[in-house]
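Take a look at the chain below. Keep the sequence and the 3D view side by side as you read.

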Amino acid sequence: MQNIPLTDVSNEACTCGVLHEEEYPALDVRGIPHAIRHGVVFGALDSLAPGSGLILVAPHDPLPLLAQIDQRTPGRFTVTYLTSGPDAWHLQFVCGEPASVESVSTDIRR
């Protein structure tokens, strides 16, 4: 068996010719039953820390889902279409800081 030396390339740029953006895990929902699909996406998005993200792979343009996400967590995610059909849509979600909740005063004195 031939030993192949490993070279630390962590500080070197990739020369494969492909632009490598930040890599996020892919969530392919095409095989998930429609009845629970949005719930699965909400759960995945809720688990993201600020600065992290995921790639959603959907069987159609998920406009209703995007509207629901914006209702649940307005402005929390930056969404970028990476590909648009015809067989799959790939959307990149990047999580920002959670919206700040203004403190509500419980002082009932007048």
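What follows is a short walk from the whole chain down to single residues.

Remember that this is a predicted model. Start with the overall layout. The chain has two helices and four strands. Read them in sequence order and the pattern is β-α-β-α-β-β. The chain contains 110 residues, and 26% of them are buried. Its accessible surface is about 8,400 Å². Carbon and sulfur atoms supply 56% of that surface.

Go next to the last two strands. Strand β3 covers residues 77–84, and β4 covers 89–95. Pro 86 sits in the loop between them. Look at the peptide bond that joins Gly 85 to Pro 86: this bond is cis, with omega at about 5°. Most peptide bonds are trans.

How many aromatic pairs does the structure hold? There is one. Its partners are Phe 77 and Phe 93, and their arrangement is edge-to-face. The ring centres lie 6.3 Å apart, with 80° between the planes. The planes count as edge-to-face because their angle is over 60 degrees. Phe 77 belongs to strand β3 and Phe 93 to strand β4, so the pair ties together parts 16 residues apart in sequence. The cut-off for buried is under 20%.

Another ring has a charged neighbour. Arg 72 lies over the face of Phe 42. The distance to the ring centre is 4.3 Å.

Find it in helix α1, which spans residues 34–46. Arg 37 is buried, yet it has no salt bridge. Why is there no salt bridge? The nearest side chain of opposite charge is Asp 28, and it is 8.0 Å away. What does Arg 37 touch instead, leaving aside residues up to four places away in sequence? Its contacts are Val 29, Arg 30, Ile 32, Pro 59 and His 60. Pick out these five residues in the 3D view, and you can see what surrounds Arg 37.

Terms used
Residues numbered from 1 in each chain as written. Predicted model: local features only at pLDDT ≥ 70, side-chain atom pairs only at ≥ 80, totals over all residues. Heavy atoms only, no water. Buried < 20%, exposed > 50% of the residue type's maximum accessible area, 1.4 Å probe, protein only. Lys, Arg positive; Asp, Glu negative; His and termini not counted. Salt bridge = Lys/Arg side-chain N within 4 Å of Asp/Glu carboxyl O. Contact = heavy atoms within 4.5 Å. Areas by Shrake-Rupley, 256 points an atom, 1.4 Å probe, with all protein chains shown as cover. Phe/Tyr/Trp six-rings, centres within 6.5 Å; stacked < 30°, edge-to-face > 60°. Lys NZ or Arg CZ within 6 Å of the ring centre and 35° of its normal.
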